[in-house]
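Hi,

Here is the structure I said I would pass on to you. Have a look at it first, then read my notes below.

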Amino acid sequence: MKSYAVVFTYSFDTDSAVYLFDTQEEAIDYMMKSFEEELRIDQEENGWNSEGHVAEDKMYAEIITHYPSGDDVTEMRIANVYEA
């Protein structure tokens, strides 16, 4: 069974994405690569006013995109996986 997950949530959508990993290190690596690529796309390819923040322990990251009508937030977090 996979022990860690990267969970993506979006303020602008009810959809959530969950990716499973064997180790915390694998999950953090995936989240950081995803964070960097998403922020790059938002800023460079789309030209959006986006900023990113990563928690010191790298267990949480967010990308905030500013629009005149309000902010959109993409959150990424590392979660433990438990079996019921």
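Predicted model: local features only at pLDDT ≥ 70, side-chain atom pairs only at ≥ 80, totals over all residues.

Strand 1 (residues 4–10) and strand 2 (residues 13–21) run antiparallel, and seven bridges join them. With two residues between them, these strands make a hairpin.

Next, the inside. In soluble globular proteins, nonpolar side chains tend to be buried together. Here the largest nonpolar core has 14 residues, and the ones touching the most other members are Val6, Met31, Phe35, Met76 and Ile78. Two or more residues each come from strand 1, strand 2, helix 1 (24–45), strand 4 (60–67) and strand 5 (70–80). Helix 1 gives the largest share of this core, with six residues.

Leaving out residues up to four places away in sequence, Ile78 touches Tyr4, Ala5, Val6, Ala27, Ile28, Met31, Lys58 and Met59.

You'll find Lys58 in the loop between strand 3 (49–54) and strand 4. Is Lys58 buried, exposed or partly exposed? Its relative accessibility is 40%, so Lys58 counts as partly exposed, since that class lies between the 20% and 50% cut-offs. Lys58 also has a positive phi of about 60 degrees, even though it isn't a glycine.

Cheers

Key. Residues numbered from 1 in each chain as written. Heavy atoms only, no water. Pairing = 2+ DSSP bridges. Helix = DSSP H or I, 4+ residues; strand = E, 2+ residues; numbered from the N terminus. Core = buried A, V, L, I, M, F, W, Y, C linked by side-chain atoms within 4.5 Å. Buried < 20%, exposed > 50% of the residue type's maximum accessible area, 1.4 Å probe, protein only. Contact = heavy atoms within 4.5 Å.
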